[in-house]
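The exercises below are meant to be worked through with the sequence and the structure open side by side. Each task is followed by a solution that goes step by step.

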Amino acid sequence: MTLDQFQADIKQGIPSEIPNAKPYESQINHAPKRKEILTADEKKLALMNALRYFPADQHAVLAVDFLKELNDFGRIYMYRYRPDYRMFARPINEYPGKSLQAKAIMLMIQNNLDYAVAQHPHELITYGGNGAVFQNWIQYRLTMKYLSEMTDDQTLVMYSGHPMGLFPSHKNAPRVVVTNGMMIPNYSKPDDWEKFNAMGVTQYGQMTAGSYMYIGPQGIVHGTTITVLNAVRRIAKNRDDIKGKLFVTAGLGGMSGAQPKAGNIAGVISVTAEVNPKAAQTRHSQGWVDEIISDLNELTERVKVAKDKKETVSIAFIGNVVDVWEKFDTENVFIDLGSDQTSLHNPWAGGYYPVELPFEDSNEMMANNPEKFKGFVQESLRRHAAAVNKHTAKGTYFFDYGNAFLLEASRAGADVMAENGIDFKYPSYVQDILGPMCFDFGFGPFRWVCASGKKEDLQRTDEIACQVLEEMMENSPVEIQQQMADNIQWIKGAQENKLVVGSQARILYADAEGRMKIAEAFNKAIASGEIGSVILGRDHHDVSGTDSPYRETSNIYDGSKFTADMAIQNVIGDSFRGATWVSIHNGGGVGWGEVINGGFGMLLDGSADADRNLKMMLHWDVNNGVARRNWARNENAIFAIKRAMEVEPLLKITIPEIVGDDIIDKLKF
Ligand SMILES: NC(=O)c1ccc[n+]([C@@H]2O[C@H](COP(=O)([O-])OP(=O)(O)OC[C@H]3O[C@@H](n4cnc5c(N)ncnc54)[C@H](O)[C@@H]3O)[C@@H](O)[C@H]2O)c1
């Protein structure tokens, strides 16, 4: 397809004639059939909802087609409207339109639907099984048409994938405002998503799927590296002491597959158990794990040798992780660091394989006898936790990796509760690692995309970012020197590690000052013509963007972790400080109803407006969360917000007074 044809297709929006049906391509990774949930009356509503995009004379034909989709797949994707052009992030100047900002958003939308990036591209799902960019292909087509015709005096309003339309606004307003899955709180149970999504009135945006900000596996590799690196630091006295330490975990799937790579970067011996041989072999063939072993005795001997020689090596064990914990206990193999990344947010449908059952038997039983399977999972979780407890009694440091391991183990009656009966025995990765070491100081997953699509631009931005961080590090307080050093090391190795999949994107952890200075330097380089325009953004899993009591805000201890003011404030604040687009979502990572998360995108075009916006918005986007973490009495956040006030006289934050334990403990409750 030529560029002209591509542009004409975008500008056309909904085709005037009904296109031919498309064959179901079985080689593509498709979303599973969703469960049957609608009543006959609700199905009628779903059909009427789908048909309202089309002229009445097409309804008879399309009604039959869409009902078949609803019955076959549990959703109406409108497959026949899937465009024929290749889906990928094109250079920004190839998009038709009147607004450069709108073109930047088109680029990011297409990246999220790129076959190399998206998990189920034909169902418009980017990641996480349900993280949707749109509910159906007509919403995609209509949105792209609006973006191609809008000016910088308009804002496009997106209701969970549905483009409500263009509204007059002004140049410095967001070009797009996205809401995904926002529900009246009482209607936010998992089955509510199934029902209202099937009816075509809401969608699950995950974090960066429905906000057009996903950048492929690079984001995961970086986050996992930061976590494992800092977890190792908690248990090692110094760099030399890291050598020979053993990390045991599970899962070589979508996100969990980054664990061995992170273990190698941290310099430890890692054993990652994986029950699915295909998943282990895939990661091995991709070079993400060094060795594969499927015999427990062989594994034990190999680990003993690695410990003796103080090797840095990653080993995949094909088998159940419970067997590894138990075997290493009886063989007295000391585990320094332990975690788990099985998919326990989805325990009954393949997220966790019980130790008593062979892999294939589990797959059969979960489909044909789900109640019995649930019993096996819970029994396995009790054994799993008991084995972990034996190791931690010997000194192992164990942390929950945001996969609901402790939550499901507790629900299964495993011994994982703390003495107070409220908290868990073990911390989550945010409580002990990312929270105090990163988020409280304002460090989070800042990212950018080079809109020209040129590798040279990405290389130049890496150099600019590295230079900025090195200059900043000369005057950084000792409290954040380690974070600065880690990120300088990451950015220096980024080109060599070939992390790009899809758009020319980069991620690094930076605090407010770092993000602002890097962005400012990019904008100058754009103004001088050294590089093309750059799109800034971040993961919602960040300092300020996400309220999620068992993950991002799990290290908030003043009782406010079940509130969502921070995420909402964040997006409102970003929107009037110059964001190009903002998004706020219900759900993401930990589940529908369990989290509210927000984010932004910002186009840097080298202008003075962009310079003003980036300073104002990035400052707020980070310091909102640091201020809240400070108010929750988090020591590092109090330090960081006081430091921010010294730099910016217009920033005035309420600092908490700390009550002495002696005062409280004297009282009778
Ligand atoms: N990496 C991160 O940055 C991060 C952050 C927060 C949360 N998480 C959580 O981690 C979990 C894993 O994510 P994913 O994308 O890798 O999921 P995934 O389903 O792709 O992978 C999980 C893997 O665990 C394996 N497995 C299940 N039970 C097992 C067992 N008993 N023993 C050995 N292997 C077993 C499965 O075969 C699967 O390959 C999710 O719950 C996710 O929300 C990850």
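**Exercise 1. Describe the surroundings of the ligand.**

Which residues are closest to the ligand, and how many surround it? The ligand is surrounded by 25 residues, with Gly254, Ser256, Glu274, Ser343 and His345 as the closest, where a residue counts as near if one of its heavy atoms lies within 4 Å of the molecule. Before going on, note that this is a predicted model, in which local features need pLDDT of at least 70 and side-chain atom pairs count only at pLDDT 80 or more, whereas totals for chains, interfaces and linings use all residues. Residues are numbered from 1 along each chain as its sequence is written, and side-chain values use heavy atoms, with hydrogens and water left out.

Next, sort the shell by class: it has eight nonpolar, 15 polar and two charged residues, if Ala, Val, Leu, Ile, Met, Phe, Trp, Tyr, Cys and Pro are taken as nonpolar, Asp, Glu, Lys and Arg as charged, and the others, Gly among them, as polar.

Then look for polar contacts, that is, pairs of N or O atoms within 3.5 Å. A polar side-chain atom of Asn320 lies 3.2 Å from a nitrogen atom of the ligand, while a backbone N or O atom is 3.3 Å from a ligand nitrogen in the case of Val275 and 3.1 Å from one in the case of Val321. Finally, of the 870 Å² of accessible area that the ligand has on its own, the protein covers 88% (Shrake-Rupley method, 1.4 Å probe).

**Exercise 2. Decide whether the chain agrees with a compact globule.**

Start from the radius of gyration, taken over C-alpha atoms, and the globule rule of 2.2 Å times the number of residues to the power 0.38. For 669 residues a compact globule would have a value near 26 Å, and the chain has 25 Å, so the two agree. The C-alpha trace spans about 75 × 65 × 60 Å along its principal axes, and 59% of the residues are buried, meaning under 20% relative accessible area.

Definitions and conventions: Polar contact = N/O pair within 3.5 Å; in protein donor to acceptor, adjacent residues only side chain to side chain. Buried < 20%, exposed > 50% of the residue type's maximum accessible area, 1.4 Å probe, protein only.
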